[in-house]
Structure formats: structure tokens, C-alpha cells
Amino acid sequence: MDEPLAISLFSGTDDKLQAAAVLTAGAAAVGRPVHIFLQYWGLDAFRANGAPRERLLAPEAGPEGLAAVEALATAGQASWHDTLAQAKEIGEVDIQACSLSMDLLRLGPDDLDPLVDGVEGVTAFWLAASEGQVLFI
Amino acid sequence: MIQTDTHAITRTIDARGSYCPGPLMELIRAIREGSAGDVIAVHSSDNGSRIDIPKWVEKAGHRLIGVTQRDGYDEIVVEQQR
């Protein structure tokens, strides 16, 4: 079994979601199981049937960064959502919502995007992370 | 220069316009659907995939037949081993 990777996905900006999705897809491609824990604004981005959101980027992006991201999207870059869906197709990717963040955002299980596999607490996250690497994004 | 004519390509994936890691995702899907002996050509215009796909092929135990620069894209040919 290849070394598992655990990701706490805290950020809900499109650039960090994209980075997390690409890292997940690459890990899945090389056979590493990935466990994603959605916290705070990361979870907020996984609302089911959410209204199309304005594209949000990390503050350091600035107007030029936004233009570059828009240009790549227009050129056909897969969305972070599609990339995560592909990662789930080719590998072992488990996406769990943080129960505390569910309370914070007043969300129930039915409010979540179908990519989300379930809801768990932080202890379950650390048990799943086991001895593998942990990323905070 | 590789001799792709000695390896009959059984499937071609047009991943041009797809960005990292899209072409690899499509190759993996094709390998899942295929079987040992299939020869898959991936057409990719993504710079990262030119480096990543050969590394993945080695790690996954398949065989890289070659990477050829075509007009505005790379043709990466892989023989599925299992």
C-alpha cells in the first residue's frame, strides 16, 4: 500500500481549491489513498446546488492573477470540481466534511455536494491520517 | 526517433487543450478500460504531461514506447502491460 495523504482543505478560494484538486489527482494517479477533510470555507465551497459563485482567489493573486486564472479557465482548464471527480474515478479518494464546520455553516448532510462522502469529527480525521503525510490548504 | 509503425496503435486519446494532470487522467482511464498489449497514443499539448506521463508509466509498470513532438503537441505512446 502506498503512503496515504491527508489534506485539511480549509480555504474556499478557487485557486487553492484547484491546487488541492490537482494534488489529489496526482496522488490518486500514483496509487496514494487521499483523505480530504473539509473545514470552514473549504466546506462552504462544497454546498450542493450552490448558486454559481463569483470566482474568488487568495488575496495575493491581485487583478493580474485573476486575469491569468480566468484565461486558463477559458482555454479549457478543468474546474477543481471536475478534477476532483476524476481523481475519485481513478483512485481512492475519500472526502469528508468536518462536523464542526457543518455546525458553523448550519449545513445538513443533504446540503452537501455529491462529491462529499460523509461527515466526520476531527478524531476520525486523525485516525484516517494515520502515519501518512498531512497537508493544510 | 521512435518507430511507432512497428507498434500498431490500438487507441488514440486526444487530450490536446487539457491541462495538468488531465492527459494523465485520460490515459489512466483508457488503461482501466483496456488490457495487456494495448498500445495507447496520448496527444497532449500540456508541458507538464510530457514529463509526468513517462514517470507515471514507469511507476505503474507499463512500457513507454516513445514521446514524439508533433505539430503543436506531443504524441506519447504507451504499451499497457497488464
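Start by selecting B:Ser18: leaving aside its neighbours within four places in sequence, B:Ser18 is in contact (heavy atoms within 4.5 Å) with B:Pro23, B:Glu26 and B:Asp46. Before going on, note that this is a predicted model, in which local features need pLDDT of at least 70, side-chain atom pairs count only at pLDDT 80 or more, and totals for chains, interfaces and linings use all residues. Residues are numbered from 1 along each chain as its sequence is written, chains are lettered from A and ligands numbered from 1 in the order in which they are written, and side-chain values use heavy atoms, with hydrogens and water left out.

**Stop 1: two serines in chain B**

B:Ser18 sits in the loop between strand S1 (11–14) and H1 of chain B. Helices (H or I, at least four residues) and strands (E, at least two) are DSSP runs, numbered from the N terminus. Is B:Ser18 buried or exposed? Its relative accessible area is 18%, so it is buried; the cut-offs are under 20% for buried, over 50% for exposed and partly exposed in between, with a 1.4 Å probe and protein chains only.

Now click on B:Ser49, in helix H2 of chain B. B:Ser49 is buried too, at 3% relative accessibility. Show its surroundings and, apart from neighbours within four places in sequence, you'll find B:Pro23, B:Ser44, B:Pro54 and B:Ile76 in contact with B:Ser49. Next, draw a line from the side chain of B:Ser49 to that of B:Asp46: a polar contact of 2.6 Å joins them. A polar contact is a pair of N or O atoms within 3.5 Å; within protein, one must be able to donate a hydrogen and the other to accept it, and residues adjacent in sequence count only if both atoms are side-chain atoms.

**Stop 2: where chain B touches chain A**

Colour the chains separately. Eleven residues of chain B are in contact with 13 residues of chain A. In chain B, select B:Tyr19, B:Met25 and B:Arg29, which lose the most area to chain A, together 46% of what that side buries. Buried area here is the accessible area (1.4 Å probe) that two parts lose on being put together, summed over both. Between the two chains it comes to about 1,100 Å², with carbon and sulfur atoms giving 59%.

The term means a side-chain nitrogen of Lys or Arg within 4 Å of a carboxyl oxygen of Asp or Glu. Chains B and A have two salt bridges between them.

**Stop 3: aromatic rings in chain A**

Select A:Phe10, A:Tyr40, A:Trp41 and A:Phe136, which form one aromatic cluster. Rings of Phe, Tyr and Trp (its six-membered ring) pair if their centres lie within 6.5 Å; planes under 30 degrees apart count as stacked, over 60 as edge-to-face and the rest as tilted. Over all chains, the whole structure has six aromatic pairs. In one of them, the rings of A:Phe10 and A:Phe136 have centres 5.5 Å apart and planes at 35 degrees, so the pair is tilted. A:Phe10 is partly exposed at 28% relative accessibility, while A:Phe136 is exposed at 60%.

Finish on A:Phe125 and A:Trp126: with ring centres 5.0 Å apart and planes at 65 degrees, this pair is edge-to-face. A:Phe125 is buried, at 3% relative accessibility.
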